[in-house]
Amino acid sequence: MLLGTATAEQPTVAADRSSRRASTRSAEYPPRDKPSRRRGVAVGIIITLLVVVGVVASGSYVWNTFEPQIRSVMGWEEPNDFDGAGSGEVLITIADGETGSDVADTLETAGVTKTAEAFYELLLDQDEDVVFQPGVYSLAKGMSARSALDALQDPASKIERTAVIREGITGPTIIAELSAATEIPVEEFEAAIADPTVYGVPENAVSIEGWLFPATYTFDPGLTAQQVVQTLVDRTIASLDSARVPVEDRERVLTIASIIQREARQADDFYKVSRVIQNRLDDGMRLEMDSTAQYGVDEATGSVWSSAEALGSDNPWNTYQRDGLPVGPISSPGDVAIDAAMHPADGSWLFFVTVDLNTGETVFSNTVSEHDAAVRQLRAWCADNPGSGC
């Protein structure tokens, strides 16, 4: 045997190490995928995602397009009514003559009820016919049909702007009361009445005085000053038409009626005062009405006696200084005063004076002496009743 000589059955150390390194590397680091295989996996994932997105999109389109039909077939009917009293505030207007169907449509459009059908079906189920009062109502969004109907029948839900315009008061006072009732600034009313002719007031009228009819008015919120004024003027025109006042004579009749309204105390006396005015005009006498003298200087002392300033003032309303009628109305007359201006009572009276300011008792006279006696009667009453309008 020769030492140091390799044989086929006994490999060298170098070969053995090389073999082990190759074996170890193979066990710890598996071979990597080829590039073509990686790209295939990615494409598969993308295709899968696109399919899913397509299914979701098509499903959404089908649902949005055919939701009612799908719900009907599957028995998934959606309720047509909300629950509860809702929230927030919605103003609903019911016009005169509207039917239950009209109201139902209005409620749905405003978002008060979920559907018009729910509300209308509820109306049909009532034992008695439901009557809706015209006006503006404060409701809520998302109300059940029952809650909406209850609210519409509750007077507290109705929004009212009520103005009580008294007979015989003047334009500035009326404007102040309208402003307080409607919450529209006085300045807007003053601007609205700057040109009275836009409301149908004749061009010969010096102002809108006398054309704002005294009555109780309820205004819907949201009206303008112009709309409010038009309502009062329209009511005056209706009264003039009812009394058969010729269109061309409206301002003159209102002027006479406004004096009657301020001077007469009892209904029957309206027609007698009208006769006195007519008789004095026919005789060429000055009217000498204290109400006109006081209006001309804006005197509001609350006394039947006029001041020396009012009686002596040279203004177009002072009938102590001016022949004929004043230049225009001095107050807003009501229906009775307008009717009296058109239909004076029969009589020859030229004077009158109220001798009892509490009862309104008035003495009508034909002569100066009779009138002076009645005036003394008034002075005696005032002495016995201080602070009662004297």
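I started with the outward side of helix α14, where S369, R376, A383 and D384 are exposed. A reminder to myself before going on: this is a predicted model.

**Helix α14**

Next I looked up which residues of α14 are buried, and I found H371, A374, V375, L378, W381 and C382. Looking down the axis of α14, I see these buried residues fall within an arc of 115 degrees, so they line one face of the helix.

**The largest pocket**

I moved on to the largest pocket, which holds about 1,100 Å³ of space. Its lining counts 36 residues, and those closest to the centre are E263, D290, S291, Q294 and V304. Which elements give two or more residues to this lining? My list reads α9 (250–263), α10 (267–283), α11 (290–296), β6 and α14.

**S239**

I picked S239, which sits in helix α8 (residues 225–242). Is S239 buried or exposed? Its relative accessibility is 4%, so S239 counts as buried, the cut-off being under 20%. Leaving out residues up to four places away in sequence, I found S239 touching F213, D335 and I338.

**Two positive phi angles**

For backbone angles, I kept in mind that most residues other than glycine have a negative phi. That made me stop at E183, which is not a glycine but has a positive phi of about 65 degrees. I placed E183 in the loop between α6 (171–182) and α7 (186–192). Its relative accessible area is 63%, so I logged E183 as exposed.

D298 went on the list too, with a positive phi of about 55 degrees although it is not a glycine. At 69% relative accessibility, D298 counts as exposed.

**N204 and G328**

How far apart in space are N204 and G328? I read 9.1 Å from C-alpha to C-alpha, although 124 residues separate N204 and G328 in sequence. N204 belongs to the loop between α7 and β5 (216–219), and with a relative accessible area of 53% N204 is exposed.

**The protein overall**

To finish, I zoomed out. I counted 14 helices and seven strands in the protein. Of its 390 residues, 36% are buried. I also looked at contacts between residues at least 6 apart in sequence, and 63% of them join residues at least 24 apart.

Key
Residues numbered from 1 in each chain as written. Predicted model: local features only at pLDDT ≥ 70, side-chain atom pairs only at ≥ 80, totals over all residues. Heavy atoms only, no water. Buried < 20%, exposed > 50% of the residue type's maximum accessible area, 1.4 Å probe, protein only. Helix = DSSP H or I, 4+ residues; strand = E, 2+ residues; numbered from the N terminus. Arc of directions from axis to C-beta. 1 Å grid on protein atoms, 1.4 Å probe; cavity = no way out; pocket = protein on both sides within 12 Å on 5 of 7 lines; lining within 4 Å. Points joined across faces, edges and corners; volume = space filled by probe spheres on them. Contact = heavy atoms within 4.5 Å.
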